[in-house]
Amino acid sequence: MHQLTRRHVIATLTSSTVLLCPAILNAQTTTLELDDWADIPDDTPIGQSQTISVDAGTSEIEISALKPGEVAVIARPTTDEKYTATGMIQYIAVHHRTEDQITAADDRDGTIQDPAYFVVNLLCTHKGKAIGITGNPEAPFACTDRGSRHSSVYNVSGFGVSGASEDEYLSIPDYTLSVGDSVVLTLT
């Protein structure tokens, strides 16, 4: 079993947000000049060097260290062709939502197993580019392709609130979540 450690946490989504790394994504400022987004790769999510890498197939990851408001990313190889734009790597975000975020989120027709933990594929519904973590608690996910016909931004439920994927949901990976003495995410 893989275990999440503090170094795997790539973002803390709080109201006084400090963005993650030099390749800054910020969903609040979608009117920035395109040059400001020039160094952001669109085949990997922001914080890729801090991901938990697992093998293809079923994997168990203990995520007990993830505090409310924090996000971690898991990467695993895939043969699914919808991940061509990310180099055949499936990136999955695990967001331990705060009480406010749980209240603001919907249950996406029962696909979320525990409202405190939001598990989502970091793959834009528009063109399959990688999704980055913005640091904005109200819109924590945004497409790394910031071109004028892209720039999708997703809310705490993975619902597209602006850009090319407006009114679409990010996809949910096949998973189970065991919450007890420890919290274990099993990707199938």
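## Sheets, core and cysteines in a predicted model

An open sheet of four strands runs in the order β8-β9-β10-β11, and its pairing is antiparallel. Strands here are DSSP runs of E with at least two residues, numbered from the N terminus. Two strands pair if DSSP finds at least two bridges between them. β8 (131-133) and β11 (160-162) each have a single partner strand, so they stand at the edges with one side left without a neighbour in the sheet.

This is a predicted model: local features need pLDDT of at least 70, side-chain atom pairs count only at pLDDT 80 or more, and totals for chains, interfaces and linings use all residues. Residues are numbered from 1 along each chain as its sequence is written, and side-chain values use heavy atoms, with hydrogens and water left out.

**Around β10 and β11**

Strand β10 (residues 153-154) is joined to β11 by two bridges, and the two run antiparallel. V153 has S162 in β11 as its bridge partner. The loop between β10 and β11 holds N155. A polar atom of the N155 side chain lies 2.8 Å from the backbone nitrogen of S157. Contact means heavy atoms within 4.5 Å. Leaving aside neighbours within four places in sequence, N155 is in contact with E138, A139, P140, F141 and V161.

**A second sheet**

Another open sheet has four strands in the order β1-β4-β13-β12, with mixed pairing. Its edges are β1 (2-3) and β12 (175-179); each has a single partner strand, so one side of each is left without a neighbour in the sheet. β12 pairs with strand β13 (residues 183-187) in the antiparallel sense, over five bridges. L177 has L185 in β13 as its bridge partner.

**The nonpolar core**

A nonpolar core is a set of buried Ala, Val, Leu, Ile, Met, Phe, Trp, Tyr and Cys residues joined through side-chain atoms within 4.5 Å. The largest one has 36 residues, of which I63, I74, L122, F141 and L185 touch the most other members. The elements that give two or more residues to this core are β5 (70-77), β6 (89-96), β7, β8, β9, β12 and β13. β5 gives the largest share, five residues. Not counting residues up to four places away in sequence, I74 touches I52, V54, I61, Q90, Y91, I92, V94, L185 and L187.

**Aromatic pairs**

Rings of Phe, Tyr and Trp (its six-membered ring) pair if their centres lie within 6.5 Å; planes under 30 degrees apart count as stacked, over 60 as edge-to-face and the rest as tilted. The count comes to two aromatic pairs. In one, the rings of F118 and F141 have centres 6.1 Å apart and planes at 50°, so the pair is tilted. F118 lies in strand β7 (residues 117-121) and F141 in strand β9 (residues 141-143), so this pair ties together parts that are 23 residues apart in sequence.

**Cysteines and burial**

A disulfide is a pair of cysteine sulfur atoms within 2.5 Å. The count comes to zero disulfides. The sulfur of C124 has its closest cysteine sulfur in C143, 3.8 Å away, which is too far for a bond.

Buried means under 20% relative accessible area, exposed over 50%, and partly exposed in between (1.4 Å probe, protein chains only).

| Residue | Relative accessible area | Class |
|---|---|---|
| F118 | 0% | buried |
| F141 | 0% | buried |
| C124 | 4% | buried |
| C143 | 2% | buried |

How values were computed: A polar contact is a pair of N or O atoms within 3.5 Å; within protein, one must be able to donate a hydrogen and the other to accept it, and residues adjacent in sequence count only if both atoms are side-chain atoms.
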